[in-house]
Amino acid sequence: MGTTIISVQYLRGIAALMVVYFHTKVYLAGYAWGVPRNFGYSGVDLFFCISGFIMMHTTLGRPVQPASFLRNRLLRVYPLYWLLTLSSLALYVIAPSAFIDGSASLGHAILSLLLIAHFDAPVLRIGWTLVYEIFFYALFALTLWATPHRRIPLLCAFIISLVALGALCAPESPVLQTYTHPFLLEFLAGAAIGAAFRSERFTRLPSGLAILCLLAGVGLIALGMERRGGDGFSRVLWFGSGAALILLAGLVFERRGRLFASRWLHDMGDASYSLYLTHPFVLTGFRQIGRRLGVADGTALVQGLWVLAAISTAIVTGWLTYRLVEQPLQRALRERGWNGRETVNRLPANAAAQT
């Protein structure tokens, strides 16, 4: 019977919270808030590394059919995303002024629902990261035809070739830009860590290495905040490398039995997908209500409390969405046999056992 990889669970929750925190700078721009928020920008990079880790870790050492893998992953991603995208479209029709930007043409809506890269971000704009996730799942599914020890080399060949092609050709097409983006290297880094994690040598890594990786990871992200120049190789160098080192540090701490216990972070890990997808609705609501109440004209304390209330409400909404919508939805899919048992954060009780 599997046990949860606590460090990954915590980091999923932390990554979602980082994104929510950063987006208060976008949705509640102009509100007084004295604490830097740019570090939250790297939450997406952490998500990408975690995704690569999970996909590799949960498929190594056991036969996995590519079609079955894709079915389970798509049924994990699409249902809640579709529900919230359709909700976003309805809101756009009812109150377009509530949106910072965006469009709602039929073609855009269809491509958004399918999470296919196109001329603009998805209708539910936070879904732009899911476009990369879906593409990575497709690439990873191709490696499942190979024997386990060849999966990492094959994945390296796919991703490095695509990224190199993008760097050399500098495509103008948004589609080609997406599918050759350096972000793919973050998934690859996570997958490499996932492969290493299955090795018995991983259990012999010292806690000192985890401390060093953690400090280096935080340092790289801090440097990236100062030097960030776009979302290309520079971002991957600073934020992607930092995220990978933080993931590695958490796994080493856990294997050495030095990880703290936090029920709250564990729950945030469970609710991370719901929190990630629902927080734009909450922050948009606080922006609209704040305008009507004139919160931006209040004191710095009032503005800060408004931002704090928005963050707290987003967290509660995400958790409730997980418990009342996402969890029952996934349970219904399993009961109908449409997807397999979810094992995205499972660690074998015995390191040599299979997930």
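These legends walk through several close-up views of one predicted model. Residues are numbered from 1 along each chain as its sequence is written, and side-chain values use heavy atoms, with hydrogens and water left out. Because the model is predicted, local features need pLDDT of at least 70 and side-chain atom pairs count only at pLDDT 80 or more, while totals for chains, interfaces and linings use all residues.

**View 1. Helix 1 meets helix 11.**
Helix 1 covers residues 6-27 and helix 11 covers residues 263-270. (Helices are DSSP runs of H or I with at least four residues, numbered from the N terminus.) The two pack at an angle of about 75°, with their axes 7 Å apart. Here, axes are lines fitted to C-alpha atoms over the stretch in contact, and angles run from 0 to 180 degrees between N-to-C directions. That makes helix 1 and helix 11 roughly perpendicular to each other, a label for angles of 65 to 115 degrees. On the helix 1 side, look for Ile 6, Gln 9, Tyr 10, Arg 12, Gly 13, Ile 14 and Leu 17. Helix 11 brings Trp 264, Leu 265, His 266, Met 268, Gly 269 and Asp 270 to the contact, where contact means heavy atoms within 4.5 Å. Sorted by class, this contact has seven nonpolar, four polar and two charged residues. (Ala, Val, Leu, Ile, Met, Phe, Trp, Tyr, Cys and Pro count as nonpolar, Asp, Glu, Lys and Arg as charged, and the others, Gly among them, as polar.)

**View 2. A look into the largest pocket.**
Rolling a probe the size of a water molecule over the atoms shows where empty space is left. On a 1 Å grid over the protein atoms alone, a pocket is an open set of points with protein on both sides within 12 Å along at least five of seven lines, whereas a cavity is a set of points where a 1.4 Å probe fits but cannot get out. Lining residues have an atom within 4 Å of a point. Grid points are joined across faces, edges and corners, and a volume is the space filled by probe spheres set on the points. The largest pocket comes out at about 980 Å³. Of the 42 residues lining this pocket, Ala 121, Leu 124, Arg 125, Ile 126 and Trp 128 are the closest to its centre. Which helix gives the largest share of the lining of this pocket? Helix 12 does, with seven residues. Helix 1, helix 3 (66-94), helix 5 (128-143), helix 7 (174-179) and helix 12 (272-293) each supply at least two residues. The lining has 26 nonpolar, 10 polar and six charged residues.

Helix 2 (43-59), helix 3, helix 5 and helix 12 each give two or more of the lining residues. Helix 2 has the largest share, at seven residues. By class, the lining of this cavity has 12 nonpolar, three polar and four charged residues.

**View 3. Leu 115 and Pro 122, in the loop between helix 4 and helix 5.**
Leu 115 has a positive phi of about 60° although it is not a glycine. Is Leu 115 buried or exposed? Its relative accessibility is 2%, so Leu 115 counts as buried (buried means under 20% relative accessible area, exposed over 50%, with a 1.4 Å probe and protein chains only). Pro 122 is buried as well, at 3%. Leaving aside residues up to four places away in sequence, Pro 122 touches Tyr 81, His 108, Ser 112, Gly 127, Trp 128 and Val 131. Pro 122 and Thr 85 sit 37 residues apart in sequence, and their C-alpha atoms are 8.6 Å apart.

**View 4. Gly 166 and Ala 170, around the end of helix 6.**
Gly 166 is part of helix 6 and is buried, with a relative accessible area of 12%. Apart from residues up to four places away in sequence, Gly 166 touches Pro 171 and Thr 180. Ala 170 lies in the loop between helix 6 (151-169) and helix 7. Ala 170 is exposed, at 53%, and has a positive phi of about 45° although it is not a glycine.

Methods. Angles under 35 degrees count as roughly parallel, over 145 as roughly antiparallel, 65 to 115 as roughly perpendicular and the rest as oblique.
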